[in-house]
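Please walk through this structure with an eye on its aromatic rings and its backbone angles. Keep the sequence and the model side by side as you read.

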Amino acid sequence: MEENRFERYAIFYTPPNGTFADLTAAWLGWDSALGRTAAQPHLPGLDLAKLTMRPRKYGFHATLKAPFHLAEASDFQTLLDAVDAIAQNHTPVTVGRLESSTDHGFLALRPVANPVALRNLASALVRKLDHLRAPLTPEDITRRRKSRLSPRQDQQMLDWGYPYIFEDFHFHMTLTGPLRQVSKAAVLSQAQKMITPALPPLLEIDAVTLMGQDKKGMFHQIRRARLAAR
């Protein structure tokens with residue numbers, strides 16, 4: 001049963017089956033849709049396995065509601081039903097064009113625009129699923145505070161389990177860990193050669209994905225809940 005298989009859950013955006021999903025899974029070395037490793041390409045001058053070690057376990061995604069443990073009074077079916085209900089009441093979101101960026105010290109795909117509807121979708125998932133989330137442990141709080149949170153982010157972490165929400169939410173799809181000892185330009189160039197040709201001209205989010213983290217730490221796609229309101 002799913003509730004016995006997974007230790008944490010999250011709501012991500014994941015691309016539908018196709019070339020974009022296949023290439024980004026190969027880049028990271030983990031296919032969350034199939035729940036298995038993906039063969040990574042050889043890129044001259046780059047240790048892709050090392051560069052992608054940190055984000056690999058999540059699979060290619062954008063976080064909408066960060067990973068959380070279920071509260072003791074919650075169960076998997078209740079979570080599944082809640083995600084479906086939220087999806088049924090939201091329209092698809094046009095995110096627009098994506099671009100590769102290393103501005104935050106790691107390589108990610110980010111939207112050129114920041115539509116209000118995208119923030120509203122993420123905020124709804126945070127708010128409407130929070131009653132199913134187990135409280136953070138003192139260890140969780142200490143770990144989060146190592147990231148030098150602003151006062152607002154710290155309070156959001158305490159209130160909602162994650163600091164980067166609401167006004168601090170920034171949609172991005174991570175492709176590497178920190179780029180401290182490698183040429184950002186070289187990584188960006190290789191990523192653009194491999195992934196840019198498969199980018200959708202205009203990204204549309206027509207579904208949100210319920211994810212589960214297994215006991216080895218790897219995330220799997222459980223269900224893509226279609227955004228069905230019109």
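Phenylalanine 6 is buried in this predicted model. Its relative accessible area is 5%, and the cut-off for buried is under 20%. Tyrosine 9 is buried too, at 2%. Phenylalanine 76 is also buried, with a relative accessible area of 7%.

These three residues belong together. Ring pairs link Phe6, Tyr9 and Phe76 into a cluster. How many aromatic pairs does the structure hold? There are 8. One of them joins phenylalanine 6 and tyrosine 9. A pair of aromatic rings is described by two things, the distance of the centres and the angle of the planes. For phenylalanine 6 and tyrosine 9, the centres are 6.3 Å apart and the planes stand at 75°. An angle over 60 degrees counts as edge-to-face, so this pair is edge-to-face.

Tyrosine 9 also pairs with phenylalanine 76. Here the centres are 5.8 Å apart, with 35° between the planes. That pair is tilted.

The charged end of lysine 65 sits over the ring of phenylalanine 68, 5.3 Å from the ring centre. The charged end of arginine 127 sits over another ring, that of phenylalanine 166. There the distance to the ring centre is 4.3 Å.

Most residues other than glycine have a negative phi. Phenylalanine 166 is not a glycine, yet its phi is positive, about 55°. Where does phenylalanine 166 lie? It is in the loop between H8 and strand S8, the strand of residues 173–174. Phenylalanine 166 is buried, with a relative accessible area of 13%.

Arginine 148 also has a positive phi of about 55° without being a glycine. This residue sits in a loop as well, between helix H7 (138–144) and helix H8 (151–160). Is arginine 148 buried or exposed? Its relative accessibility is 78%. The cut-off for exposed is over 50%, so arginine 148 counts as exposed.

Technical notes. Residues numbered from 1 in each chain as written. Predicted model: local features only at pLDDT ≥ 70, side-chain atom pairs only at ≥ 80, totals over all residues. Heavy atoms only, no water. Helix = DSSP H or I, 4+ residues; strand = E, 2+ residues; numbered from the N terminus. Buried < 20%, exposed > 50% of the residue type's maximum accessible area, 1.4 Å probe, protein only. Phe/Tyr/Trp six-rings, centres within 6.5 Å; stacked < 30°, edge-to-face > 60°. Lys NZ or Arg CZ within 6 Å of the ring centre and 35° of its normal.
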